[in-house]
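Please examine the sequence and the structure shown below. The paragraphs that follow lead from a strand to its sheet, then to a loop residue and a pair of helices.

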Amino acid sequence: MPTLSLPLSNLFRNQEGFKRLFAHLKSLHTRSGIWRVNSSSTPWVSSSAFVARGRADPVGQLTAGNMCTRSSGDKTSWLWSVYNETKQQTQDLIPVISKNFVNPDTIFANNQMSLQDIEIYGFDYDYTLAFYSSHLHTQIFNIARDILINEHRYPEGLREYDYISNFVIRGLHYDVQKALLMKIDAFHYIQLGTVYRGLNPVPEKEVIAMYEGSHVPLEIMSDYYGKSSHGHTMKQFMDIFSLPEMTLLSCVNDYFMKHNIDYEPVHLYKDVKEAIGDVHVRGIMYRVIEADIEKYICYGEQTHAVLRKLSKNGKKMFLITNSPFDFVDRGMNYIVGKDWRELFDVVIVQADKPGFFNDKRKPFRRVTDKGVLLWDRIHHLEKGQIYKQGNLYEFLRLTGWRGSKVLYFGDHIYSDLADLTLKHGWRTGAIIPELRKEIKIMNTEEYVHTMTWLQALTGLLEQMQVHQDPESQTVIQQWINEREEMRLRTKDIFNIQFGSLFRTYHNPTYFTRRLSRFADIYMASLSCLLNYDLQHTFYPRRTPLQHESPIWPEQTSTGAINIPFQSHSTTPKPE
């Protein structure tokens, strides 16, 4: 069984180091006008915590009254002594934390869910059952670029641009009218430093001037499915297939700007969108994959093992995909074998999701093995048969598969999962391939060291901001600068341009907000199911709200426990 992602203190084999750091940060608050090492309300730490280390903590020897009479040099020295003590406490934790890793094959829960309750498993095909190598994105980029040149009469010079595999990440927003690509957090704020026009970053001052700040109003955000429509000027790229589209948009914008070509950004966006769409709609991408299936499809054996496991345990399974039957058949023959259809109770192709989940008008049509559409009315969805189009309401009527006994997996949070969880009560599982890479980065010593000190320094700043004299503010500003440098470093370690898929510095990304709302569970690939038995219950971590009393010390906003509001004053209270 893989190790689950746990609160920070739970990752420690020995929690004493963390407790000492927490006590140290807590000691920076005043109670009754006196700076204390700890208070009796802290159940995790004894009053001799620091003395046991062979030295008395300098903070515990200073009262607020003394602070007012000390010289500026003494005060500056005191602030740096607190800083150094906190840093030492943090460094003591690094070897302990570094021995504990998050398993990339873990299934993570946003909502409690037991596999024991799941009777029916549903799947998307692309990037769910079938995983593709990075070679496919290069091909999609090249083909769409050539369509722009040959059919839309874009400049031949665009052929100089090749696909940049590490330029963009999923979940970015694109301002269609301003031709800007950016990352937005869960509160609709732009992460400054991640706004790009073409292949170049836009200065923060220019971004703030254009948007009158860094907040993006709701009325110009992308619509429910992340699209730019009905007055929405933002498009959110949620599909893994959108990575080459974002890169092509950036390259074309870059070329036009470098060559001082006047252009309308809306037309450019629509042309690129159409060119990328043609790669799919015309079947070009399907033919590319079928011509060299071993080059493009990955992890076939693991997908096969998951399907066999579910079948062996008597679970019903179905497939709903937007891809055509011939393409799916070739891929599933490679992944599972020619008998793949025996594993599925229902197979639906060219479903036209997300319309499939909302449009009640389209009936199902049966497709022969040779791809011929039949005209007979569908009264039953039979095992071994292939069906095209249709709609979810008819699917529910014909199968009776309703509610929380159904678990559906897909990679597109909007098109695959949103309607199912909001309107129909199915349980949903998001496939997020990027998880593996990000967790491996999070397990590195560099990341652990940076994040542990970043959090400790943030706590220090939170407490010391009450000192408003010039000398203290000079010290605190140095800490703020150091914190900003570390925040930038934690972004760059994932992706130099846009950072992590899941965070904008400390806040969740807009992508993460949608993921937590529309997916009960999420994982890097279906193969993660192989690590769990089918009776397993997934429990989300109980993360305290900001006003709730925490159970674990690392869940505390520093100084939030039993600290009077008056303690934020540097003036001692009269006895």
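Strand β17 (residues 406-410) is mostly covered, with 5 of its 5 residues buried; buried denotes under 20% relative accessible area, exposed over 50% and partly exposed the range in between, with a 1.4 Å probe and protein chains only. The model is predicted: local features need pLDDT of at least 70 and side-chain atom pairs pLDDT 80 or more, whereas totals for chains, interfaces and linings use all residues. Residues are numbered from 1 along each chain as its sequence is written, and side-chain values rest on heavy atoms, leaving out hydrogens and water.

Both faces of β17 are covered: V406, Y408 and G410 are buried on one side, and L407 and F409 on the other. Strands (E, at least two residues) and helices (H or I, at least four) are DSSP runs, numbered from the N terminus. Two strands pair if DSSP finds at least two bridges between them. Strand β5 (residues 120-123) pairs with β17 in the parallel sense over 4 bridges, and F123 stands opposite F409. Strand β18 (residues 427-431) also runs parallel to β17, joined to it by 4 bridges; here T428 is the bridge partner of Y408.

These strands belong to an open sheet of 9 strands with mixed pairing, in the order β3-β21-β18-β17-β5-β13-β14-β16-β15. Its edge strands, β3 (108-109) and β15 (364-367), each pair on one side only. The pairing of β3 with β21 (residues 521-523) is antiparallel, over 2 bridges, and places A109 opposite I521.

In the loop between β16 (386-389) and α12 (392-399) lies N391. N391 is buried, with a relative accessible area of 3%. Its side chain reaches the backbone oxygen of K362 at 2.7 Å, and a polar atom of that side chain lies 2.9 Å from the backbone nitrogen of E394. Leaving aside neighbours within four places in sequence, N391 is in contact (heavy atoms within 4.5 Å) with F356, D359, K360, R361, K362 and F364.

The axes of helices α7 (residues 265-281) and α8 (residues 284-291) come within 4 Å and cross at roughly 50°; axes are lines fitted to C-alpha atoms over the stretch in contact, with angles from 0 to 180 degrees between N-to-C directions. This angle makes α7 oblique to α8, because angles under 35 degrees count as roughly parallel, over 145 as roughly antiparallel, 65 to 115 as roughly perpendicular and the rest as oblique. D278, V279 and H280 in α7 meet I284, M285 and Y286 in α8. The buried residues of α8 are I284, M285, Y286, V288 and I289, and their cover includes α4 (135-151), α7 and α11 (325-335).

Conventions: Polar contact = N/O pair within 3.5 Å; in protein donor to acceptor, adjacent residues only side chain to side chain.
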